[in-house]
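Colleague: Could you take me through the salt bridges in this one? I'd like a close look at how the charged side chains pair up.

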Amino acid sequence: MSELKHYGEFIHELTKEEVESWWNSIIEVPEEAFTNHWKYKLKKDGKEIPFNWAIYQLANRKGWQLQEIKSNYYNRANFSQMFDFDISEDLKADKPDWDALSQLYKRIKNKPLFQAYVNYGNYILQQCDIDSYKCRMAISKGHEPMVVLGMKAVYCFSISNSGELVAFIVSTKYAKELNHPFKQKVDNFKGVDKMSLLYFKVDKWEQIPKEVFIEHLKYTKLQYESIKNSRRVTWNSDAKTTSNALKVVMFKNLNAETTLQDISLQQAHDSFISTSNVEEWEWYKQLKKYSEAMIKIHSRAEVFGYSSYEELNTHLRELVNNPNEDFLQRYLFESSNGISTIRQQLITHSARVKIRNLVEAKFSLLNEILKSKDKHFVYRKVMELIGENKYSIVYRFLRAIFPYHFTSIDAPGWFKQLNLKLSKDYNFNLHENNQIDRNWEIIGSVVSEDIYKTQIFFWKLVNDTLIQEPSNDDTESSSNQNNNTMDLNQILYGAPGTGKTYATKKIAVEIIDEMKYDENDRDTILERYNTLVKSRQIVFTTFHQSLSYEDFIEGIKPVSLDENVIYEVKDGIFKDLCTLAKNEKKNYRTVSNEIYTPPFEDAWNALIEKVQNSIEKEGQLNLKTKSGGTIYVTSVSNQGNLIFKPVGTKTKDYTVSFNRAKKLFKELPNFREIKNIDKEFREVIGGSNSTAYWSVLNEIFDWNSKNSRMEVLEHPHKINKFVIIIDEINRGNVSSIFGELITLIEEDKRQGIVNEIGETLELILPYSRDKFSVPDNLYIIGTMNTADRSVEALDTALRRRFSFFEVNPNPNIIPKYSNIEGIDLVAILKTINDRIEILADKDHKIGHSYFLGINTIEDLKDTFQNGILPLLAEYFYGDFGKIGLVLGNEFVRASTQKATLAKDFNYGDDISQFTEKKIFELIEPEFWTLESFTSIYE
């Protein structure tokens, strides 16, 4: 690295060709660059890159070292002017800016007037199409908020003891000649005689002469035209009076009252970050790991794309250093995937197969998703990919790609809870009308140094009880686990003795009771389980090789009647339980008559259609005012808002916006009874043309009244759930036992769930000819022994219709059930399993249940003799030598067996290998001692 260079020296040694070549070579910008240098960006040819990061990268490319640089006015201006770049600015403000604006706002007495000042300012910014970077907003030392273009203040709000003033840039001639009772003073710009600031002292916005707005718009445009093409803005953007907070409020047309109360949200955020060891939480580590992997995949896809799903997977595995990772499994299918836990919206196994087939046949769709920077586009495409309304999963996927734009709240229902929390506790009322943009609005409300900590903070806001690291069930969208939204079909698998059967009983009880039980409270769980078995809400069965369809579903069975044998169709175990579950659903519904009122959006769309039809026929739509007059709707804006023209005046058109009208609709359901609509409307939406808004609301409520209707609604009460436990599910011939009903057990094929063509799936049974379906209040839990060789032939249809959960040996349970002195049963189990995993595999480990209830050395000997040794012999196919490698020479002895072979036969090779052979045999239990067992692990 060469010697340290100053910024000015550095840029003067560059050539345009070098800068152009460097700019075109930039392929990937790390997401943290946009976080750490968020304010200003270099912009050219549709590409935007953070200014500071870009300059340091350019210096590195040249092999130069720079002194610390600042993204200040002079540095940006010099670079952009020398090398033909534009500068863009993000509309954000830091805490000191918000504090300053908040202090100013407290001094303002006429707050509705200030809100009208903000609203009109936003209108001017839009009408003149002003670039935020070319516009400065400031709060002068005299506490005067203002909009500055070039060296001129073009729009001001002044605070005085006698009242508030509003100032507009107009021609000097107009300012001097205007004779108006509310005209307060005229300020001329130094050295300029064409433009002046004209001040009005008013109580209400309507007191300002209408022609002033026309004059103001004209001269604001003139002033902006004089500076907008210059790359060197002619004011110091870093002046102490600059207010980025005022710029955010005015450019976004925010409600000042609510926005400025949001500062306490930042304080709550900072307190949580400083007092919680979030970086130590496993959730945080996984969230950061898999989000940053996705960011890198997204960046690469933007430039190069991926040629195949295999190439995408290879890149993911490299990023997370795991050769077994799978992209779809990680980001779409898996429940606890590092981003969040979403169990109630888990994609079914049949749907997963369809998605994989779609990706294989049309990989371009996934490429489109990964390339796009448009969050709304990605949302639509992911919905297209999964083919289901799994909103939580789609938002979770979006958050992985765009972590800097989303909170950790993915589920729409929980996101509404966050909105309510923000509104109630922090007076933070959102202005966007969809979850994607609202996430961005919320994230932008706090200054964050670590987006993953901030995401967790917003989850904490919804879950006030979260004071330490959440378990998997505490992460996004899984807090509803107390409502027991478990998978309808699940299989617990693991080695023998891991407690799978007990676990199924616990899960079954929790499903039916919709509550969690303490795992160690076995007596309570088993007592409750036995009660539910008696009430037939739980059925336990075991699959075996001779079990058939006729036993499980239905079949023809012989029946003795009057000493004669006849044959009847008898229901099997599964069909019988399905019938009980269906009857439960039939008997627990009530109905009521309720009035259905269409939502505001429907009424607004109907009004838009009416306006458009009237404009085609008559050129306008006439609406009645509260006083009985008439106003005209002349057009619909590109944003879907209504444009009005007052009757009999020459004043400008004005707008009624969808968002403001909706807010009035919500807050003032009895608006027709209001006497002073101007006052009441201002309290809800700030400054507005109350006459026009009243006319629109009048139309909305009339339409709603005509389109409301009485509906008969069903209200389901709590419906009892049923569980069938199938032990050793892999030992039966699943295809034969389930037959054609294997399709009906899928989650999206159950009775009570409407499929994509609007029908509940039913089949005709072969014996009874009855229509049959599987209800959605029936759960199937299976167990599977991984040491059983029948696992290898497990039916594919079963694999893709069940969720699989591994149950591992848990040595930590053993001490609670053992009192043997001198023998460490935990160490025995761990040592045995470590050795089995090396000699066989992890599926052949030994479960902890073999060591439960052992209180004496005789109990331990009995367990080894009748449980563990036969199991090991089966694992190793009678090879006692391998058993010796597991247990040691206290349990297996070696000896040499000699034999005399036929001497008159010529074998041809050296036969000494056969005449003396090493064999292994088990040592008899009577020779086992305490030392025998401790020798296993010592």
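Modeller: Let's start with a network: Glu554, Asp571, Lys575 and Asp770 are linked by salt bridges. Keep in mind that this is a predicted model. By the rule used here, the count comes to 27 salt bridges.

Now for some single pairs. Glu384 forms a salt bridge with Lys381, and their closest N and O atoms are 3.4 Å apart. Both sit in helix α18 (residues 375-386), and because they are 3 residues apart there, about one helical turn separates them. Glu384 is partly exposed, at 38% relative accessible area, whereas Lys381 counts as buried because its 18% falls under the 20% cut-off.

Helix α29 (residues 677-685) holds another such pair, Arg682 and Asp678, which are 4 residues apart and so separated by about one helical turn. The closest N and O atoms of this salt bridge are 3.4 Å apart. Here Arg682 is buried at 13% relative accessibility, and Asp678 is buried too, at 19%.

Then there's a pair from strands. Arg893 and Glu921 meet through their side chains in a salt bridge, at 3.3 Å from N to O. This one links distant parts of the chain: Arg893 is in strand β27 (residues 892-898) and Glu921 in strand β28 (residues 916-922), 28 residues apart. Arg893 is partly exposed, with 29% relative accessible area, and Glu921 is partly exposed as well, with 33%.

As for charges outside these pairs, Asp518, Glu519, Asp521, Asp523 and Glu527 gather in a negatively charged patch on the surface. Asp518 is found in the loop between α23 (500-513) and α24 (522-534).

Methods: Residues numbered from 1 in each chain as written. Predicted model: local features only at pLDDT ≥ 70, side-chain atom pairs only at ≥ 80, totals over all residues. Heavy atoms only, no water. Patch = residues over 30% accessible without salt bridge, like charges linked within 9 Å, V, L, I, M, F, W, Y side chains within 5 Å. Areas by Shrake-Rupley, 256 points an atom, 1.4 Å probe, with all protein chains shown as cover. Salt bridge = Lys/Arg side-chain N within 4 Å of Asp/Glu carboxyl O. Lys, Arg positive; Asp, Glu negative; His and termini not counted. Charge placed at Lys NZ, Arg CZ, Asp CG, Glu CD. Helix = DSSP H or I, 4+ residues; strand = E, 2+ residues; numbered from the N terminus. Buried < 20%, exposed > 50% of the residue type's maximum accessible area, 1.4 Å probe, protein only.
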